[in-house]
Amino acid sequence: MIKPILNEFMWWETPEHIDDFVQPLIAYINFEEDGAMDEDSFTFSILTPKYIEGLFNMQKILNGKAIFIVNESSMQNNINIIRNELIKILDLSQRDTWEETAMLISQYITWDYEGLDYYKWLYDSELIILNKNAKHFPLLNEINCLLHKNTVELKLTIVDSESREKENYYCTVMTYNQMKNCINEKGIKSGRATFFVKEFNDTHSINLIKLEINEILRVCSRETWKKVKIALKS
């Protein structure tokens, strides 16, 4: 069983306004496999509620992939709460191989090797498919809105373009006020499988989310449906 260990963080500067910032970070994670110690890096960003509030003046939706929302009184306190959260994630991600372990971790923070063999972004943001063998393209088949007491959950049915096999995935839609309440209660909110919106309007919000999901699906084509499903889970 691979046990990932958080080594250190790297960030570039202390924000000028501790209640209003976005800060990219790199987490270096050690692991032992086949008797040898190694280290990989993962990237993510931390944001504050006030920064997101300003963001919603320019855009209507925020994909929570590889972000954590914090609101502590100092950068050191933010780092401490992030460290504790990542240690919990690493403990839950132990698997038989490093690849399996890293793919679980990458549900929360982005593994530097994630999708490296398949895609490349050009300066004009045009997506070029490098994997000539990709035959399986995930397509959004259906979205069902599941209303719970305080949250909205979306059931996404994804179909394989080749085999027409279907797979269900779930994500959460969280409004700005719900996110603030969560931060007040827990001190931190992971963006894993979450879309943040200023307000939830059934038709409009779901249409925005459809656009985001289709962009995600574009980078998940693989040689086999099994590999597609692994990519989607990350």
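Select tryptophan 98 and show what surrounds it: leaving aside neighbours within four places in sequence, Trp98 is in contact (heavy atoms within 4.5 Å) with Ile2, Pro4, Ile29, Phe31, Glu33, Asp40, Phe42, Ile105 and Trp111. Before going further, note that this is a predicted model, where local features need pLDDT of at least 70, side-chain atom pairs count only at pLDDT 80 or more, and totals for chains, interfaces and linings use all residues. Residues are numbered from 1 along each chain as its sequence is written, and side-chain values use heavy atoms, with hydrogens and water left out.

**Rings around Trp98**

For rings of Phe, Tyr and Trp (its six-membered ring), pairing takes centres within 6.5 Å; planes under 30 degrees apart count as stacked, over 60 as edge-to-face and the rest as tilted. Tryptophan 98 belongs to helix H3 and tryptophan 111 to strand E6 (residues 110–111), so the pair ties together parts that are 13 residues apart in sequence. Helices (H or I, at least four residues) and strands (E, at least two) are DSSP runs, numbered from the N terminus. Both tryptophans are buried, where buried means under 20% relative accessible area, exposed over 50% and partly exposed in between (1.4 Å probe, protein chains only).

**The largest core**

Next, colour the largest nonpolar core, which has 28 residues. Such a core is a set of buried Ala, Val, Leu, Ile, Met, Phe, Trp, Tyr and Cys residues joined through side-chain atoms within 4.5 Å. The residues with the most contacts inside it are Phe9, Phe44, Ile46, Phe68, Ile82, Leu86 and Trp98. Two or more residues each come from strands E1 (5–10), E2 (22–33), E3 (36–47) and E5 (67–70), and from helices H2 (75–92) and H3 (98–105). H2 gives the largest share, 7 residues. Apart from this core lies another, of 21 residues, among them Phe195, Leu208, Trp225 and Leu232.

E1 and E2 run antiparallel and are joined by 5 bridges; two strands count as paired if DSSP finds at least two bridges between them. Phe9 stands opposite Ala27 in E2. E2 and E3 are also antiparallel, with 12 bridges, and here Ile29 faces Asp40 in E3 as its opposite residue. Zoom in on the hairpin of E2 and E3: there are 2 residues between the strands, and Asp34 takes a positive phi near 55°.

A search of the whole structure finds 6 aromatic pairs. One to select is Phe9 with Phe44: the centres are 6.1 Å apart and the planes are at 70°, so the pair is edge-to-face. Phe9 lies in E1 and Phe44 in E3, so the pair ties together parts that are 35 residues apart in sequence. Both of these phenylalanines are buried.

**The five-stranded sheet**

Now show the open sheet of 5 strands, in the order E4-E13-E11-E10-E9, with mixed pairing. E4 (61–63) and E9 (138–147) stand at the edges with a single partner strand each, so one side of each has no neighbour in the sheet. On average, neighbouring strands are turned by 25° against each other, direction ignored. Within this sheet, E10 (residues 152–160) and E11 (residues 166–175) pair in the antiparallel sense over 8 bridges, and Thr157 stands opposite Asn168 in E11.

Bring in helix H4 (residues 176–186), which packs on the sheet, touching E11 and E13 (194–197); its direction makes about 80° with that of E11. Angles run from 0 to 180 degrees between N-to-C directions, with axes fitted to C-alpha atoms, for helices over the stretch in contact.

Which residues is isoleucine 183 in contact with, leaving aside neighbours within four places in sequence? Select Ile183 and you'll find Pro49, Ile69, Val70, Asn71, Ile188 and Lys189. Ile183 is found in H4 and is buried, with a relative accessible area of 5%.

**Last stop: confidence**

Colour by pLDDT, the predictor's confidence in each residue, from 0 to 100. The mean for the protein is 88, and 92% of its residues reach 70 or more. Among the elements, strand E7 (residues 119–121) has the lowest mean (39) and E5 the highest (98). Finish on residues 116–130, where pLDDT is below 50; beyond near neighbours in sequence, this stretch has 28 contacts in the model.
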